[in-house]
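Dear colleague,

I am handing over the structure below, and after it you will find a description of what turned up in it. Please read the two together.

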Amino acid sequence: MMLDIQQIPVLNDNYIYLIHDPESQETAVVDPALAEPVLDVLKQKNWQLNYILNTHHHGDHIGGNLALKKKTQCKIVGSATDQQRIPGIDISLSEGDIFKLGNYEFQVISCSGHTIGHIAFYQPEAKALFCGDTLFAIGCGRLFEGSAEQMLQSLKKFSSLPLDTKVYCAHEYTAANAQFALSVEPENTNLLKAVERIKQLRENNLPTVPTTLEQEQTTNPFLRTDSPDIQQTLAMQGASELAVFTELRLRKNRF
């Protein structure tokens, strides 16, 4: 039996993810901004929460930690680098560590950039990447603590995963991200098709995530720094990937 992944929309644009192993009956929640919506779904599903997986320390990712821990006695899992900034942390992990949920092993990927100490959880059999605020559909996270070089290297780690990997990012930013992407690569046919799909989904109040790495490779400017069209738009033909990425991120900040 495959992992059961439930997406919970909260706040203005956050997504919390519940991950349940039907065989072992173990359940984890990724980045609970709030406790109540998680408790509601747990009750509906008759699941017991065993773990909280935090990708980073921002309040809209850890806000429900202590309330959920108090209510369920679950263990809180996060980055070893972020131990002092994640409330209630019990298990600290680093790049290359394995986290086990029932019969499933999640690979821990260090992906600093948005913050220092940001981590992602990748599960190969389920083809699932829980990447917090590092990679978004057609975008990437702001550089609040890390450097452009760190973020670029983090995205390259994700890009090396199989193309059919589903990307469970933590925010519904896709429509705005797509408009920026069009401003730097207006003739990308894959992107133009994606814009229409995104519009239809949002008009019906449906999520645009998860996305896939294949979709991102063809539409996301932050994974397409070698695109001649993007380089031409930026007047940076032949520039380094890092220079192009840095300029893209600066432009997105102002967009």
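Ile-76 has Ile-89 as its bridge partner in strand S6, where strands and helices are DSSP runs numbered from the N terminus, with at least two residues for strands (E) and at least four for helices (H or I). Before going further, please note that this is a predicted model, in which local features need pLDDT of at least 70 and side-chain atom pairs count only at pLDDT 80 or more, while totals for chains, interfaces and linings use all residues. Residues are numbered from 1 along each chain as its sequence is written, and side-chain values use heavy atoms, with hydrogens and water left out.

Strand S5 (residues 75-79) and S6 run parallel and are joined by 4 bridges; two strands are taken to pair if DSSP finds at least two bridges between them. An open sheet of 6 strands has the order S1-S2-S3-S4-S5-S6, with mixed pairing. Its edge strands, each pairing on one side only, are strand S1 (4-10) and strand S6 (89-93), and neighbouring strands are turned by 25° against each other on average, direction ignored. Helix H1 (residues 36-45) lies across S1, S2 and strand S3 (27-30), running at about 145° to S1; axes here are lines fitted to C-alpha atoms, for helices over the stretch in contact, and angles run from 0 to 180 degrees between N-to-C directions, with contact meaning heavy atoms within 4.5 Å.

Turning to the aromatic rings, those of Phe, Tyr and Trp (its six-membered ring) pair if their centres lie within 6.5 Å, and planes under 30 degrees apart count as stacked, over 60 as edge-to-face and the rest as tilted. By this rule the count comes to 10 aromatic pairs. Tyr-17 and Tyr-168 are edge-to-face, because their ring centres are 5.3 Å apart and their planes stand at 80°. This pair links distant parts of the chain, Tyr-17 in strand S2 (residues 14-20) and Tyr-168 in strand S13 (residues 166-169), which are 151 residues apart. Tyr-17 is buried, with a relative accessible area of 1%, and Tyr-168 is buried at 10%, where buried means under 20%, exposed over 50% and partly exposed in between (1.4 Å probe, protein chains only). Ring pairs also link Tyr-15, Tyr-17, Phe-130 and Tyr-168 into a cluster.

On a 1 Å grid over the protein atoms alone, a cavity is a set of points where a 1.4 Å probe fits but cannot get out, a pocket is an open set with protein on both sides within 12 Å along at least five of seven lines, and lining residues have an atom within 4 Å of a point. Grid points are joined across faces, edges and corners, and a volume is the space filled by probe spheres set on the points. The structure holds 1 cavity of 30 Å³ or more, and about 30 Å³ of space lies in the largest cavity. Strand S10 gives the largest share of its lining, 3 residues.

The largest pocket has a volume of about 200 Å³. It is lined by 15 residues, of which Phe-136, Cys-140, Gly-141, Arg-142 and Tyr-173 are the closest to its centre, and the largest share of the lining, 3 residues, comes from helix H9.

With kind regards
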